[in-house]
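Work through the exercises below with the sequence and the 3D structure at hand. Try each task before reading its solution.

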Amino acid sequence: LFAGGAAGAAAVIAGAAHFAHADPGLVLTARIVAAIGAVVSPVLLVSDLGRPQRFLYMLRVFKPQSTMSVGAWTLVVFTFATFAALALATPIGRALTGSTALTAAADILGIFTGLVLATYTGVLLGATAIPVWAANASYLPLHFAASSLGAAAGMIELAGRADTALHRIGLAAALMETVALAVMEIDWRGGHQTLPSGVGRQMIRFGHLFTGLLALVLRLATARWPAARALAGVAAIGGSLVNRMGWMASGRASALQDRSQ
Amino acid sequence: LWKAVRGGQPSWDFSSDVCKHCEHAGCLEACPTGAIVRTEFGGVFIQPDICNGCGYCVVSCPFGVVDRRPDDGRAFKCTFCYDRQKVGLAPACATACPTQSIQFGDLEELRAQAARRAATLHARGMDDVIVYDPRESSVGGIHAIFLVRGRLDDFGLPANPVMPTTLLARAWTSAGLAAIVLLGVVVFAF
(Lines give C-alpha, C1' and ligand atoms only; values in the text may rest on other atoms or scores of the structure.)
Protein backbone atom coordinates (compact mmCIF):
# COMPACT_ATOMS: atom_id res chain seq x y z
CA LEU A 1 0.00 0.00 0.00
CA PHE A 2 2.70 2.38 1.05
CA ALA A 3 5.26 1.65 -1.70
CA GLY A 4 2.66 1.80 -4.48
CA GLY A 5 1.13 5.07 -3.29
CA ALA A 6 4.46 6.86 -2.92
CA ALA A 7 5.67 5.52 -6.29
CA GLY A 8 2.46 6.73 -7.92
CA ALA A 9 2.88 10.23 -6.50
CA ALA A 10 6.57 10.21 -7.57
CA ALA A 11 5.52 9.43 -11.15
CA VAL A 12 3.06 12.32 -11.09
CA ILE A 13 5.87 14.61 -9.91
CA ALA A 14 8.19 13.24 -12.62
CA GLY A 15 5.59 13.77 -15.34
CA ALA A 16 4.67 17.26 -14.19
CA ALA A 17 8.36 18.21 -13.89
CA HIS A 18 8.98 16.95 -17.42
CA PHE A 19 6.12 18.97 -18.92
CA ALA A 20 7.03 22.05 -16.87
CA HIS A 21 10.56 21.85 -18.37
CA ALA A 22 12.03 21.61 -14.88
CA ASP A 23 15.63 20.62 -14.16
CA PRO A 24 16.34 17.32 -16.05
CA GLY A 25 18.07 16.03 -12.93
CA LEU A 26 14.83 16.36 -10.97
CA VAL A 27 12.87 14.57 -13.70
CA LEU A 28 15.39 11.73 -13.71
CA THR A 29 15.47 11.36 -9.90
CA ALA A 30 11.66 11.36 -9.66
CA ARG A 31 11.44 8.76 -12.45
CA ILE A 32 13.98 6.54 -10.68
CA VAL A 33 12.08 6.80 -7.36
CA ALA A 34 8.85 5.91 -9.20
CA ALA A 35 10.51 2.99 -10.99
CA ILE A 36 11.97 1.58 -7.75
CA GLY A 37 8.49 1.70 -6.21
CA ALA A 38 7.07 0.13 -9.35
CA VAL A 39 9.37 -2.87 -8.83
CA VAL A 40 9.04 -3.10 -5.05
CA SER A 41 5.21 -3.11 -5.09
CA PRO A 42 4.71 -6.21 -7.25
CA VAL A 43 7.49 -7.98 -5.31
CA LEU A 44 5.69 -7.22 -2.04
CA LEU A 45 2.39 -8.34 -3.55
CA VAL A 46 3.92 -11.62 -4.75
CA SER A 47 5.40 -12.23 -1.30
CA ASP A 48 1.90 -11.68 0.11
CA LEU A 49 0.40 -14.14 -2.31
CA GLY A 50 3.15 -16.72 -1.85
CA ARG A 51 4.03 -17.68 -5.42
CA PRO A 52 4.89 -15.45 -8.42
CA GLN A 53 2.47 -17.38 -10.61
CA ARG A 54 -0.36 -16.18 -8.39
CA PHE A 55 0.24 -12.62 -9.53
CA LEU A 56 -0.61 -13.71 -13.07
CA TYR A 57 -3.95 -15.00 -11.79
CA MET A 58 -4.74 -11.38 -10.91
CA LEU A 59 -4.66 -10.69 -14.64
CA ARG A 60 -7.02 -13.51 -15.68
CA VAL A 61 -9.90 -11.04 -15.83
CA PHE A 62 -10.49 -7.32 -15.46
CA LYS A 63 -13.31 -6.53 -13.05
CA PRO A 64 -14.10 -2.83 -12.50
CA GLN A 65 -16.27 -3.71 -9.48
CA SER A 66 -13.29 -5.41 -7.81
CA THR A 67 -10.92 -2.73 -6.52
CA MET A 68 -8.24 -5.40 -6.12
CA SER A 69 -8.48 -6.15 -9.85
CA VAL A 70 -8.35 -2.45 -10.79
CA GLY A 71 -5.28 -2.04 -8.58
CA ALA A 72 -3.43 -5.05 -10.01
CA TRP A 73 -4.00 -3.93 -13.61
CA THR A 74 -3.06 -0.33 -12.79
CA LEU A 75 0.15 -1.52 -11.16
CA VAL A 76 1.14 -3.49 -14.28
CA VAL A 77 0.51 -0.55 -16.61
CA PHE A 78 2.27 1.77 -14.14
CA THR A 79 5.39 -0.40 -13.99
CA PHE A 80 5.48 -0.50 -17.78
CA ALA A 81 5.02 3.28 -18.06
CA THR A 82 7.68 4.22 -15.50
CA PHE A 83 10.29 1.93 -17.08
CA ALA A 84 9.37 3.11 -20.57
CA ALA A 85 9.82 6.75 -19.48
CA LEU A 86 13.15 5.91 -17.88
CA ALA A 87 14.43 3.92 -20.88
CA LEU A 88 13.23 6.39 -23.52
CA ALA A 89 14.98 9.27 -21.77
CA THR A 90 18.40 7.57 -21.89
CA PRO A 91 20.73 8.58 -24.77
CA ILE A 92 20.22 5.14 -26.34
CA GLY A 93 16.45 5.43 -26.06
CA ARG A 94 16.51 8.88 -27.59
CA ALA A 95 18.75 7.74 -30.43
CA LEU A 96 16.49 4.77 -31.16
CA THR A 97 13.20 6.64 -31.22
CA GLY A 98 14.50 9.97 -32.47
CA SER A 99 11.66 11.89 -30.91
CA THR A 100 10.33 12.93 -27.51
CA ALA A 101 6.70 12.11 -28.32
CA LEU A 102 6.99 8.57 -26.93
CA THR A 103 8.58 9.83 -23.71
CA ALA A 104 5.72 12.29 -23.34
CA ALA A 105 3.22 9.47 -23.87
CA ALA A 106 4.95 7.33 -21.23
CA ASP A 107 4.90 10.28 -18.83
CA ILE A 108 1.19 10.88 -19.39
CA LEU A 109 0.50 7.19 -18.79
CA GLY A 110 2.68 7.39 -15.66
CA ILE A 111 0.76 10.43 -14.38
CA PHE A 112 -2.61 8.80 -14.96
CA THR A 113 -1.78 5.40 -13.45
CA GLY A 114 0.22 7.12 -10.70
CA LEU A 115 -2.86 9.13 -9.68
CA VAL A 116 -4.89 5.91 -9.53
CA LEU A 117 -2.19 4.13 -7.49
CA ALA A 118 -1.96 6.97 -4.98
CA THR A 119 -5.72 6.99 -4.37
CA TYR A 120 -7.23 3.54 -5.11
CA THR A 121 -5.89 2.05 -1.86
CA GLY A 122 -8.42 4.21 -0.03
CA VAL A 123 -11.18 2.59 -2.09
CA LEU A 124 -9.58 -0.84 -1.57
CA LEU A 125 -9.96 -0.49 2.20
CA GLY A 126 -13.08 1.70 2.20
CA ALA A 127 -15.37 -0.51 0.12
CA THR A 128 -15.20 -3.57 2.39
CA ALA A 129 -17.19 -5.10 5.23
CA ILE A 130 -14.59 -4.07 7.83
CA PRO A 131 -16.54 -1.55 9.97
CA VAL A 132 -13.77 0.99 10.62
CA TRP A 133 -12.64 1.08 6.99
CA ALA A 134 -16.18 1.29 5.61
CA ALA A 135 -17.02 4.13 8.02
CA ASN A 136 -14.08 6.12 6.60
CA ALA A 137 -14.69 5.19 2.94
CA SER A 138 -14.89 8.75 1.63
CA TYR A 139 -12.06 10.00 3.79
CA LEU A 140 -9.41 7.31 3.16
CA PRO A 141 -8.60 8.09 -0.52
CA LEU A 142 -7.95 11.77 0.24
CA HIS A 143 -5.84 10.93 3.26
CA PHE A 144 -3.79 8.26 1.45
CA ALA A 145 -3.23 10.60 -1.52
CA ALA A 146 -1.92 13.36 0.75
CA SER A 147 0.42 11.10 2.72
CA SER A 148 1.67 9.43 -0.50
CA LEU A 149 2.46 12.83 -1.97
CA GLY A 150 4.36 13.91 1.14
CA ALA A 151 6.32 10.64 1.21
CA ALA A 152 7.15 10.90 -2.52
CA ALA A 153 8.44 14.48 -2.16
CA GLY A 154 10.49 13.38 0.85
CA MET A 155 12.00 10.43 -1.02
CA ILE A 156 13.01 12.53 -4.03
CA GLU A 157 14.56 15.11 -1.70
CA LEU A 158 16.47 12.46 0.23
CA ALA A 159 17.71 11.14 -3.12
CA GLY A 160 19.61 14.43 -3.39
CA ARG A 161 17.24 16.99 -4.91
CA ALA A 162 16.62 20.39 -3.30
CA ASP A 163 14.16 21.93 -5.77
CA THR A 164 11.74 24.56 -4.51
CA ALA A 165 8.85 22.73 -6.19
CA LEU A 166 9.43 19.65 -3.99
CA HIS A 167 9.44 21.86 -0.92
CA ARG A 168 6.10 23.37 -1.99
CA ILE A 169 4.65 19.92 -2.63
CA GLY A 170 5.82 18.70 0.78
CA LEU A 171 4.36 21.79 2.39
CA ALA A 172 0.96 21.28 0.73
CA ALA A 173 0.89 17.56 1.64
CA ALA A 174 1.78 18.31 5.29
CA LEU A 175 -0.91 20.96 5.42
CA MET A 176 -3.53 18.54 4.04
CA GLU A 177 -2.52 15.89 6.56
CA THR A 178 -2.74 18.39 9.42
CA VAL A 179 -6.26 19.36 8.38
CA ALA A 180 -7.15 15.68 7.93
CA LEU A 181 -6.07 14.77 11.47
CA ALA A 182 -8.06 17.70 12.89
CA VAL A 183 -11.17 16.63 10.95
CA MET A 184 -10.76 13.01 12.06
CA GLU A 185 -10.31 13.92 15.73
CA ILE A 186 -13.45 16.05 15.67
CA ASP A 187 -15.32 13.23 13.94
CA TRP A 188 -14.18 10.62 16.47
CA ARG A 189 -15.06 12.83 19.41
CA GLY A 190 -18.48 13.44 17.94
CA GLY A 191 -18.87 9.66 17.80
CA HIS A 192 -19.93 9.76 14.16
CA GLN A 193 -17.38 7.24 13.10
CA THR A 194 -16.12 4.15 14.79
CA LEU A 195 -12.47 3.67 15.45
CA PRO A 196 -11.63 1.10 18.08
CA SER A 197 -9.21 2.32 20.67
CA GLY A 198 -5.94 0.51 20.86
CA VAL A 199 -2.63 0.25 19.10
CA GLY A 200 -4.06 0.94 15.64
CA ARG A 201 -5.68 4.19 16.64
CA GLN A 202 -2.52 5.40 18.35
CA MET A 203 -0.47 4.47 15.28
CA ILE A 204 -2.81 6.45 13.03
CA ARG A 205 -2.55 9.44 15.37
CA PHE A 206 1.24 9.27 15.56
CA GLY A 207 1.60 8.71 11.84
CA HIS A 208 -0.64 11.71 11.21
CA LEU A 209 1.32 13.91 13.59
CA PHE A 210 4.50 13.04 11.69
CA THR A 211 3.13 13.45 8.14
CA GLY A 212 1.11 16.48 9.18
CA LEU A 213 2.07 18.85 11.96
CA LEU A 214 5.70 17.75 12.43
CA ALA A 215 6.47 17.82 8.70
CA LEU A 216 4.73 21.19 8.42
CA VAL A 217 6.70 22.76 11.28
CA LEU A 218 9.99 21.36 9.96
CA ARG A 219 9.24 22.63 6.46
CA LEU A 220 8.47 26.09 7.82
CA ALA A 221 11.69 26.03 9.88
CA THR A 222 13.79 25.26 6.79
CA ALA A 223 14.45 28.95 6.08
CA ARG A 224 16.40 29.26 9.34
CA TRP A 225 17.63 25.72 9.74
CA PRO A 226 18.30 23.94 6.41
CA ALA A 227 18.72 20.48 7.98
CA ALA A 228 15.03 20.58 8.91
CA ARG A 229 14.11 19.91 5.31
CA ALA A 230 15.65 16.44 5.27
CA LEU A 231 14.02 15.69 8.64
CA ALA A 232 10.64 16.76 7.22
CA GLY A 233 11.12 14.23 4.42
CA VAL A 234 11.96 11.49 6.90
CA ALA A 235 8.92 12.43 9.03
CA ALA A 236 6.63 12.27 5.98
CA ILE A 237 7.97 8.86 4.90
CA GLY A 238 8.05 7.29 8.37
CA GLY A 239 4.69 8.76 9.39
CA SER A 240 3.09 7.54 6.19
CA LEU A 241 4.33 3.99 6.84
CA VAL A 242 3.19 4.00 10.49
CA ASN A 243 -0.16 5.38 9.37
CA ARG A 244 -0.79 2.56 6.88
CA MET A 245 0.18 -0.04 9.48
CA GLY A 246 -2.17 1.67 11.93
CA TRP A 247 -5.10 1.40 9.50
CA MET A 248 -4.38 -2.30 9.00
CA ALA A 249 -4.20 -2.90 12.77
CA SER A 250 -7.43 -0.93 13.30
CA GLY A 251 -9.15 -3.00 10.63
CA ARG A 252 -8.19 -6.23 12.36
CA ALA A 253 -9.29 -4.90 15.74
CA SER A 254 -12.59 -3.63 14.36
CA ALA A 255 -13.35 -6.96 12.66
CA LEU A 256 -12.66 -8.87 15.88
CA GLN A 257 -14.75 -6.45 17.91
CA ASP A 258 -17.61 -6.87 15.47
CA ARG A 259 -17.47 -10.65 15.70
CA SER A 260 -17.37 -10.86 19.48
CA GLN A 261 -20.39 -8.66 20.14
CA LEU B 1 -21.77 -21.47 20.02
CA TRP B 2 -23.00 -18.59 22.13
CA LYS B 3 -23.74 -18.19 25.83
CA ALA B 4 -26.91 -16.44 26.92
CA VAL B 5 -28.87 -15.95 30.12
CA ARG B 6 -32.62 -16.52 30.10
CA GLY B 7 -34.87 -16.06 33.14
CA GLY B 8 -31.83 -16.01 35.40
CA GLN B 9 -30.68 -19.38 34.05
CA PRO B 10 -27.59 -19.71 31.86
CA SER B 11 -28.40 -21.27 28.52
CA TRP B 12 -26.46 -22.39 25.48
CA ASP B 13 -27.35 -21.23 22.00
CA PHE B 14 -25.96 -23.05 18.98
CA SER B 15 -25.80 -21.83 15.43
CA SER B 16 -23.99 -23.07 12.37
CA ASP B 17 -21.79 -20.27 10.99
CA VAL B 18 -22.13 -21.42 7.40
CA CYS B 19 -21.81 -19.33 4.27
CA LYS B 20 -25.11 -17.54 3.61
CA HIS B 21 -24.71 -17.76 -0.17
CA CYS B 22 -25.87 -14.16 -0.69
CA GLU B 23 -27.95 -13.25 -3.73
CA HIS B 24 -25.52 -10.34 -4.26
CA ALA B 25 -22.30 -11.72 -2.82
CA GLY B 26 -19.60 -9.33 -1.58
CA CYS B 27 -16.86 -11.96 -1.91
CA LEU B 28 -17.83 -12.80 -5.48
CA GLU B 29 -17.78 -9.17 -6.61
CA ALA B 30 -14.51 -8.46 -4.79
CA CYS B 31 -12.57 -11.45 -6.19
CA PRO B 32 -9.99 -10.15 -8.70
CA THR B 33 -9.33 -13.52 -10.32
CA GLY B 34 -12.87 -14.69 -11.02
CA ALA B 35 -12.24 -17.72 -8.78
CA ILE B 36 -15.53 -17.16 -6.95
CA VAL B 37 -18.53 -18.18 -9.05
CA ARG B 38 -22.27 -18.73 -8.73
CA THR B 39 -23.15 -22.40 -9.14
CA GLU B 40 -26.15 -23.86 -10.93
CA PHE B 41 -27.63 -24.56 -7.46
CA GLY B 42 -27.56 -20.87 -6.50
CA GLY B 43 -24.58 -21.28 -4.18
CA VAL B 44 -21.38 -19.21 -4.10
CA PHE B 45 -18.33 -21.39 -4.76
CA ILE B 46 -14.60 -20.63 -4.52
CA GLN B 47 -12.68 -22.60 -7.18
CA PRO B 48 -9.58 -23.65 -5.23
CA ASP B 49 -7.42 -24.00 -8.36
CA ILE B 50 -8.08 -20.38 -9.44
CA CYS B 51 -7.91 -18.62 -6.06
CA ASN B 52 -4.56 -16.82 -5.69
CA GLY B 53 -4.83 -16.11 -1.98
CA CYS B 54 -5.13 -12.32 -2.14
CA GLY B 55 -7.61 -12.40 0.75
CA TYR B 56 -9.80 -9.57 -0.53
CA CYS B 57 -12.95 -11.74 -0.28
CA VAL B 58 -12.23 -12.19 3.45
CA VAL B 59 -12.66 -8.46 4.14
CA SER B 60 -15.56 -8.18 1.68
CA CYS B 61 -17.86 -10.75 3.30
CA PRO B 62 -20.64 -8.99 5.27
CA PHE B 63 -20.94 -12.08 7.50
CA GLY B 64 -17.26 -12.70 8.24
CA VAL B 65 -17.54 -16.23 6.86
CA VAL B 66 -14.62 -16.49 4.42
CA ASP B 67 -11.16 -17.17 5.81
CA ARG B 68 -7.70 -17.99 4.49
CA ARG B 69 -5.94 -21.30 4.95
CA PRO B 70 -3.03 -20.78 7.36
CA ASP B 71 -0.66 -22.89 5.23
CA ASP B 72 -0.93 -21.56 1.67
CA GLY B 73 -3.16 -18.51 2.15
CA ARG B 74 -5.93 -19.48 -0.26
CA ALA B 75 -9.52 -18.59 0.67
CA PHE B 76 -11.91 -21.29 1.81
CA LYS B 77 -15.49 -21.39 2.97
CA CYS B 78 -18.59 -23.58 2.95
CA THR B 79 -19.05 -24.87 -0.62
CA PHE B 80 -22.79 -25.58 -0.18
CA CYS B 81 -21.49 -29.13 -0.81
CA TYR B 82 -21.22 -28.38 -4.51
CA ASP B 83 -19.73 -31.83 -5.18
CA ARG B 84 -22.57 -33.64 -3.36
CA GLN B 85 -25.27 -31.50 -4.94
CA LYS B 86 -23.84 -32.28 -8.38
CA VAL B 87 -24.63 -35.96 -7.85
CA GLY B 88 -28.02 -35.25 -6.31
CA LEU B 89 -27.11 -35.53 -2.63
CA ALA B 90 -28.08 -33.06 0.11
CA PRO B 91 -25.25 -31.10 1.83
CA ALA B 92 -23.38 -33.17 4.40
CA CYS B 93 -24.31 -30.96 7.38
CA ALA B 94 -28.04 -31.32 6.71
CA THR B 95 -27.64 -35.08 6.21
CA ALA B 96 -25.55 -35.61 9.34
CA CYS B 97 -27.47 -33.41 11.81
CA PRO B 98 -29.20 -35.89 14.17
CA THR B 99 -31.89 -33.44 15.34
CA GLN B 100 -32.75 -32.13 11.87
CA SER B 101 -31.85 -28.65 13.06
CA ILE B 102 -30.20 -28.10 9.69
CA GLN B 103 -32.61 -28.57 6.82
CA PHE B 104 -32.00 -28.49 3.11
CA GLY B 105 -34.59 -27.94 0.41
CA ASP B 106 -36.43 -25.49 -1.77
CA LEU B 107 -35.92 -21.97 -0.43
CA GLU B 108 -39.60 -20.96 -0.64
CA GLU B 109 -40.70 -24.14 1.14
CA LEU B 110 -38.08 -23.59 3.83
CA ARG B 111 -39.23 -19.99 4.31
CA ALA B 112 -42.82 -21.16 4.84
CA GLN B 113 -41.61 -23.91 7.17
CA ALA B 114 -39.54 -21.39 9.21
CA ALA B 115 -42.56 -19.10 9.56
CA ARG B 116 -44.73 -22.01 10.74
CA ARG B 117 -42.08 -23.14 13.22
CA ALA B 118 -41.65 -19.61 14.59
CA ALA B 119 -45.44 -19.33 15.05
CA THR B 120 -45.51 -22.66 16.91
CA LEU B 121 -42.66 -21.58 19.20
CA HIS B 122 -44.28 -18.19 19.83
CA ALA B 123 -47.46 -20.02 20.85
CA ARG B 124 -45.39 -22.05 23.31
CA GLY B 125 -44.26 -18.82 24.96
CA MET B 126 -40.82 -18.51 23.35
CA ASP B 127 -41.48 -14.97 22.24
CA ASP B 128 -37.81 -14.20 21.53
CA VAL B 129 -37.71 -16.49 18.46
CA ILE B 130 -36.76 -14.67 15.24
CA VAL B 131 -36.45 -15.83 11.64
CA TYR B 132 -33.26 -14.39 10.18
CA ASP B 133 -33.76 -13.80 6.46
CA PRO B 134 -32.57 -10.27 5.49
CA ARG B 135 -34.19 -9.92 2.05
CA GLU B 136 -34.53 -6.13 2.22
CA SER B 137 -30.78 -5.48 2.54
CA SER B 138 -28.16 -4.78 -0.14
CA VAL B 139 -27.11 -8.46 -0.18
CA GLY B 140 -30.56 -9.06 -1.71
CA GLY B 141 -31.42 -12.17 0.26
CA ILE B 142 -29.50 -15.23 1.40
CA HIS B 143 -29.65 -18.96 0.71
CA ALA B 144 -29.32 -19.96 4.36
CA ILE B 145 -32.00 -18.76 6.75
CA PHE B 146 -31.90 -19.12 10.50
CA LEU B 147 -34.33 -19.52 13.37
CA VAL B 148 -32.69 -17.98 16.43
CA ARG B 149 -33.66 -17.01 19.98
CA GLY B 150 -32.69 -13.66 21.44
CA ARG B 151 -30.60 -10.94 19.88
CA LEU B 152 -29.14 -11.35 16.38
CA ASP B 153 -25.91 -9.80 17.64
CA ASP B 154 -25.46 -12.75 20.02
CA PHE B 155 -25.17 -15.00 16.97
CA GLY B 156 -22.90 -12.66 15.01
CA LEU B 157 -25.69 -12.05 12.49
CA PRO B 158 -25.89 -8.44 11.21
CA ALA B 159 -29.44 -7.04 11.26
CA ASN B 160 -28.73 -5.17 8.04
CA PRO B 161 -25.85 -6.79 6.13
CA VAL B 162 -24.19 -4.33 3.76
CA MET B 163 -22.83 -5.35 0.38
CA PRO B 164 -19.42 -3.57 0.20
CA THR B 165 -19.83 -2.59 -3.47
CA THR B 166 -22.54 -0.13 -2.36
CA LEU B 167 -19.65 1.94 -0.94
CA LEU B 168 -17.74 1.97 -4.24
CA ALA B 169 -19.40 5.07 -5.68
CA ARG B 170 -18.67 7.13 -2.58
CA ALA B 171 -15.08 5.89 -2.29
CA TRP B 172 -14.24 6.36 -5.99
CA THR B 173 -15.75 9.86 -5.99
CA SER B 174 -13.44 10.68 -3.12
CA ALA B 175 -10.52 9.05 -4.98
CA GLY B 176 -11.27 11.16 -8.06
CA LEU B 177 -11.33 14.30 -5.95
CA ALA B 178 -8.07 13.24 -4.29
CA ALA B 179 -6.46 12.68 -7.70
CA ILE B 180 -7.50 16.15 -8.88
CA VAL B 181 -6.14 17.75 -5.71
CA LEU B 182 -2.89 15.79 -5.99
CA LEU B 183 -2.38 16.71 -9.63
CA GLY B 184 -3.34 20.33 -8.89
CA VAL B 185 -0.81 20.63 -6.08
CA VAL B 186 2.00 19.15 -8.19
CA VAL B 187 1.24 21.24 -11.28
CA PHE B 188 0.90 24.37 -9.18
CA ALA B 189 4.24 23.69 -7.46
CA PHE B 190 6.15 23.93 -10.75
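**Exercise 1.** How many bridges join strand E7 (residues 129–132) of chain B to E8(B)?

Solution. The structure is a predicted model, in which local features need pLDDT of at least 70, side-chain atom pairs count only at pLDDT 80 or more, and totals for chains, interfaces and linings use all residues. Residues are numbered from 1 along each chain as its sequence is written, chains are lettered from A and ligands numbered from 1 in the order in which they are written, and side-chain values use heavy atoms, with hydrogens and water left out.

Step 1. Helices (H or I, at least four residues) and strands (E, at least two) are DSSP runs, numbered from the N terminus.
Step 2. Two strands pair if DSSP finds at least two bridges between them.
Step 3. E7(B) and E8(B) are joined by four bridges and run antiparallel.
Step 4. Within this pair, Arg149(B) in E8(B) has Val129(B) opposite.
Step 5. Strand E8 covers residues 146–149 of chain B. Phe146(B) and Val148(B) form its covered face, while Leu147(B) and Arg149(B) form the uncovered one.

**Exercise 2.** Describe how H6(A) packs against H6(B).

Solution. Step 1. Axes are lines fitted to C-alpha atoms, for helices over the stretch in contact, and angles run from 0 to 180 degrees between N-to-C directions.
Step 2. Helix H6 (residues 101–126) of chain A and helix H6 (residues 168–189) of chain B have axes 9 Å apart and an angle of about 135°.
Step 3. Angles under 35 degrees count as roughly parallel, over 145 as roughly antiparallel, 65 to 115 as roughly perpendicular and the rest as oblique. H6(A) and H6(B) are therefore oblique to each other.
Step 4. The crossing is right-handed; a crossing is left-handed if the near helix is turned anticlockwise from the far one by less than a right angle, and right-handed if clockwise.
Step 5. Contact means heavy atoms within 4.5 Å. Among the residues that meet are Ile111(A) and Leu115(A) in H6(A), and Trp172(B) and Leu182(B) in H6(B).
Step 6. The contact of H6(A) with H6(B) has 13 nonpolar, one polar and no charged residues. Here Ala, Val, Leu, Ile, Met, Phe, Trp, Tyr, Cys and Pro count as nonpolar, Asp, Glu, Lys and Arg as charged, and the others, Gly among them, as polar.

**Exercise 3.** Which handedness has the crossing of H6(A) and H8(A), and which has that of H1(A) and H6(A)?

Solution. Step 1. H6(A) and helix H8 (residues 140–158) of chain A cross at roughly 145°, and their axes come within 7 Å. This crossing is right-handed.
Step 2. The contact includes Gly122(A) of H6(A) and Phe144(A) of H8(A). Its residues divide into seven nonpolar, five polar and no charged.
Step 3. Helix H1 (residues 2–19) of chain A packs on H6(A) at an angle of about 145°, with the axes 7 Å apart. H1(A) passes H6(A) in a left-handed crossing.
Step 4. Gly8(A) in H1(A) and Asp107(A) in H6(A) are among the residues that meet. By class, there are 11 nonpolar, eight polar and one charged residues.

**Exercise 4.** Is Gly212(A) buried or exposed?

Solution. Step 1. Gly212(A) is found in helix H10 (residues 199–221) of chain A.
Step 2. Buried means under 20% relative accessible area, exposed over 50%, and partly exposed in between (1.4 Å probe, protein chains only).
Step 3. Gly212(A) has 0% relative accessibility, so Gly212(A) counts as buried.
Step 4. Leaving aside neighbours within four places in sequence, Gly212(A) is in contact with Ala174(A), Glu177(A) and Thr178(A).
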